[in-house]
Amino acid sequence: MPVTTSEIQIAQPTWGIAFPRPAVDAGGLPLRVMPLPDRLVVALQQNPGIAVKALVKVGALVARGEPIGITAENAFAGHIHAPSSGRVVAVESQPVPGLPASLCVHIEVDHEDRLWEKLKPRIDLASASTTDLRTAIASAGIVGLGGALFPASIKLDPDRQVSSLILNGVECEPRINCDDALIQHRSDEVLLGAQIMMQILGAQECLVALKADAKPALDAMRTALEKLGDKRMRLALLPPVYPAGGEAQLIQLLNDIEIPAGGLPWETGHVCQNVATAAAVARFISTGEPPSTRIVTLTGSGLRTPVNVETRIGTSISDLVEFAGGYASAAVQLSMGGPMMGLAVANDSLPVTKACNCIYIQAEESLVTQPTELPCIRCGDCAVVCPVMLSPQMLLSAQRTNDFDRLSELGLDACVECGCCDYVCPSHIPLTAGFTEAKQQQRDIAFERRRAEKAELRFAARSARQHTRESTAQQALDAQTAAIDSDPVKNKNVLQELLARVNKQDKKKE
Ligand code: SF4
Ligand code: SF4
């Protein structure tokens, strides 16, 4: 289908890497729905440093959609729900993909898949206020399903001045294919979710951003857009360049604006939500049921058949791989995410979380040994591909000398850890790993600095209080003495009192 006049075609940026699309997923991988496994392990903690509380105990019977955990600190981060019905057999901390430890609720599934009877019915869009909708989305625990897990409701603040909603279906990292499958099969749902989010934000426009080479997904979305006939929605075709699907990069490409360092994307007047998040919003508002499944791409040389699988959150990776046809190799390496930004997964007993968009499985024999690192030859290739216009070779020298002031000057904070600089570096320098480490060190330094500043403030406040107390007491004493001095009767009485006290003590001694 040719590009129509209502569609926007975005030009190739100067940065990034155009990876060839693997032949195996040229038309998108097939989507299969996995039956319920016997056990689900639901991670309550989804982001590092966010405290969570379990709402159920061992032995409890839970139903699909029932709240089993809550994030303690932020009301808009919402609840975590049981993905199916069964009995809670453990509540314990364990590693999950992307986190060294998370409090998890283990559910022995009863295969009845009962729905929680207290679930509220569908929400009437015509009568619901924006606040009602936003609060409902928060309580449903809907988070950004692109991988970042940022609570969807935080971005859906009707008080922000938002001109456009951007639906992100770009999925630029090679091999990841789950949003492609969702668009091919449920474009209508994605667009309904976008309309609901536009209603909350008061946005006048929605840009549906997809990769220009994702033909089946584009065709499905064009058909859905035509059927809906909402003139506020337009398709934007993005060049297949990595990392064009990053939130900041997408906003920049679509609007020709940059998010200032330290700024928040929505401060530009554009709110970006992933297509899977939009579909989750639509389903929840239409049925009242919080999300219990997600689509995961299973791919890589270590797998027999690459495929997209829709599965319950909490399914173990081993069950998922078995359903997909099993491993192709005896020894494999697992990552959550794609080959560029994927995080290593220790073993396949770990559960699928809301963040698991892809499980990338490499056969041991296909793993490339990291070539020996050579000195930087100042070729500048790393700066050319950097999507945030940093100078990685300069960052490298500051990082290697632990010069944190220089790293800040050079804009280390803006690094999105995309790995493009590593990919092109002819000297095989692991630049990104160094930047990730330096960013963590910077955060630690800032944390320590804040702690020291707070301690200093506390000490100053305590000293000030002590000083005030002492001077108040002294002032009261001075005032009392002055009053006695100025009053001859009082003065006489005090002298008589003192004399009486001394006489009493003398008698006691006798
Ligand atoms: S690509 Fe590698 S060798 Fe070239 S300037 Fe950057 S760090 Fe140096
Ligand atoms: S990892 Fe950081 S420095 Fe390297 S290309 Fe990506 S954003 Fe730029």
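Predicted model: local features only at pLDDT ≥ 70, side-chain atom pairs only at ≥ 80, totals over all residues.
A residue is called buried when its relative accessible area is under 20%, exposed when over 50%, and partly exposed in between (1.4 Å probe, protein chains only). Side-chain values use heavy atoms, without hydrogens and water; residues are numbered from 1 along each chain as its sequence is written, while chains are lettered from A and ligands numbered from 1 in the order in which they are written.

Salt bridges were examined first. Side chains of opposite charge can pair when their charged atoms come close. Here a salt bridge is a side-chain nitrogen of Lys or Arg within 4 Å of a carboxyl oxygen of Asp or Glu. The whole structure holds 19 salt bridges. One of them joins Arg64 to Glu289, with the closest N and O atoms 2.6 Å apart. Arg64 sits in the loop between β5 (61–62) and β6 (67–71), and Glu289 in the loop between α6 (275–287) and β14 (293–299). The two are 225 residues apart, so distant parts of the chain are linked. Both Arg64 and Glu289 are buried. Helices (H or I, at least four residues) and strands (E, at least two) are DSSP runs, numbered from the N terminus.

Another salt bridge connects Arg222 with Glu7, at 2.8 Å between the closest N and O atoms. Arg222 belongs to helix α4 (residues 215–228) and Glu7 to the segment before β1 (8–9), so the pair ties together parts 215 residues apart in sequence. Both partners, Arg222 and Glu7, are buried; for Arg222 the relative accessible area is 8%. Arg222 also meets Asp219 in a salt bridge (4.0 Å, N to O). These two residues are three apart in helix α4, which separates Asp219 and Arg222 by about one helical turn. Asp219 is partly exposed, at 23% relative accessibility. Through shared partners, salt bridges join Glu7, Lys215, Asp219 and Arg222 into one network.

The sheet came next. Strands of a sheet pair through backbone hydrogen bonds, either parallel or antiparallel. Two strands count as paired if DSSP finds at least two bridges between them. Five strands make an open, parallel sheet in the order β1-β12-β11-β10-β13. At the edges stand β1 and β13 (270–274), each with a single partner strand, so one side of each has no neighbour in the sheet. Strand β1 runs parallel to β12 (residues 233–238), joined by two bridges. Gln9 stands opposite Leu237 in β12. Helix α3 (residues 178–201) packs on the sheet and touches β10 (164–169), β11 (205–211), β12 and β13. Contact means heavy atoms within 4.5 Å. The direction of α3 makes about 165° with that of β10. Axes are lines fitted to C-alpha atoms, for helices over the stretch in contact, and angles run from 0 to 180 degrees between N-to-C directions. Helix α4 also packs on the sheet, touching β11 and β12. Six of the seven residues of β11 are buried, so β11 is largely enclosed by the rest of the structure. Six bridges pair β10 and β11 in the parallel sense.

Residues around ligand 1 include Cys376, Cys379, Cys382 and Cys425. A residue is near a molecule if one of its heavy atoms lies within 4 Å of it.
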